[in-house]
Amino acid sequence: MKLFSFWRSLATYRVRIAMNLKGVKPDEIVDVNLMKGQQREEAFRTVNPMMAIPALIDGDGPALFESLAIIEYLDETHPNPPLLPKDAKGRARVRGLAQIVACDSHPLVVPRVREYLAHELKLDEAGIAKWCQNWHRAALAALEANLKDKATGRHAHGDSITIADVCIASQAAGAGFFKVDLGPFPNFKRVVDNCMQIDAFARAHPLKQPGAPASV
Ligand SMILES: N[C@@H](CCC(=O)N[C@@H](CS)C(=O)NCC(=O)O)C(=O)O
């Protein structure tokens with residue numbers, strides 16, 4: 001199994017958490033340095049034409065892409081512990097929470113968007129920070145409101161870890177990168193704190209990866 005990864009990538013963080021939870025260790029980790037633009041080089045473009053990580057090659061392929069698709073693949077091929085609830089409504093809630101992060105919020109702050117804002121729309125660093133913080137807070141507000149529901153337990157959905165927790169952990173790491181205060185989102189923070197007590201989450205954190213700085 002070959003994982004295309006970079007320390008700072010929040011989407012790859014999600015996949016790393018799922019792998020740790022499942023006890024799956026990739027045979028090879030290929031570093032795609034997003035700060036050097038290696039995601040756009042031909043060698044990686046043939047792996048994922050979207051020019052984004054993570055990508056995962058299991059055995060003879062094909063390359064899998066999109067963190068949520070990869071995590072569901074891992075959940076199907078390594079069913080224990082399950083990362084989705086047994087009931088359809090529960091699965092819909094968990095996927096909804098996960099998609100607020102992976103589909104509504106995160107895509108607005110990735111390098112290609114920040115680079116477009118800087119180079120094409122000529123936004124300065126403060127303007128880009130304001131953009132990123134705005135979309136982070138929008139997702140955090142929606143997650144916080146959803147997490148007030150009685151369906152939330154120790155974790156985002158009941159007391160078992162699901163894909164929602166995996167995504168929520170990545171949203172929290174992103175909030176740290178973009179200096180967004182979690183104070184106004186106590187339910188979100190409680191769920192994150194519970195996750196971060198679990199080794200599979202803690203050792204997957206971006207700042208624990210090879211090449212990561214001590215802080216950002
Ligand atoms: N929706 C995708 C997002 C993938 C993505 O955009 N990954 C970022 C790193 S977290 C990336 O590789 N960005 C490259 C770029 O924006 O140029 C997923 O969840 O896998």
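**A loop and the ligand beside it**

Tutor: Let's start at Met-51, which sits in the loop between α2 and β3. Keep in mind as you look that this is a predicted model. Met-51 is not a glycine, yet its phi is positive, at about 60°. Further along, the peptide bond that joins Ile-53 and Pro-54 is cis, and its omega is about 10°. Pro-54 also belongs to the loop that runs between α2 (42–45) and β3 (55–57).

Ile-53 now leads us to the ligand. Which residues come nearest to the ligand? Of the 18 residues around it, these are Gln-39, Ile-53, Glu-66, Ser-67 and Arg-112.

Let's go through some polar atoms next. In Gln-39, an N or O atom of the side chain is 2.8 Å from an oxygen atom of the ligand. With Arg-112, look at the backbone: one of its polar atoms is 2.7 Å from a ligand oxygen. Pro-111 also uses its backbone, with an N or O atom 3.5 Å from an oxygen atom of the ligand. How much of the ligand does the protein bury? On its own the ligand exposes 510 Å², and 94% of that is buried by the protein. The space that the ligand takes is the largest pocket.

Which elements give two or more residues to the shell around the ligand? They are α1 (10–22) and α5. The most comes from α1, with 3 residues.

The model has 6 salt bridges in total.

The peptide bond from Gly-61 to Pro-62 is cis, with omega near 5°, and Pro-62 lies in the loop between β3 and β4 (63–65).

Finally, follow the chain beyond α5 (111–119). Leu-121 is in the loop that leads from there to α6 (125–147). On the surface, Leu-121 forms a nonpolar patch with Tyr-116 and Leu-123, and together they have about 290 Å² of accessible area.

Notes:
Residues are numbered from 1 along each chain as its sequence is written. This is a predicted model: local features need pLDDT of at least 70, side-chain atom pairs count only at pLDDT 80 or more; totals for chains, interfaces and linings use all residues. Side-chain values use heavy atoms; hydrogens and water are left out. Patches are made of residues with over 30% relative accessible area and no salt bridge: like charges are joined within 9 Å, nonpolar side chains (Val, Leu, Ile, Met, Phe, Trp, Tyr) within 5 Å. Accessible areas come from the Shrake-Rupley method with a 1.4 Å probe; for residues, only the protein chains shown count as cover. A salt bridge is a side-chain nitrogen of Lys or Arg within 4 Å of a carboxyl oxygen of Asp or Glu. Helices (H or I, at least four residues) and strands (E, at least two) are DSSP runs, numbered from the N terminus. A residue is near a molecule or strand if one of its heavy atoms lies within 4 Å of it. A polar contact is a pair of N or O atoms within 3.5 Å; within protein, one must be able to donate a hydrogen and the other to accept it, and residues adjacent in sequence count only if both atoms are side-chain atoms. On a 1 Å grid over the protein atoms alone, a cavity is a set of points where a 1.4 Å probe fits but cannot get out, and a pocket is an open set with protein on both sides within 12 Å along at least five of seven lines; lining residues have an atom within 4 Å of a point. A molecule sits in a cavity or pocket if more than half of its atoms lie within 2 Å of its grid points.
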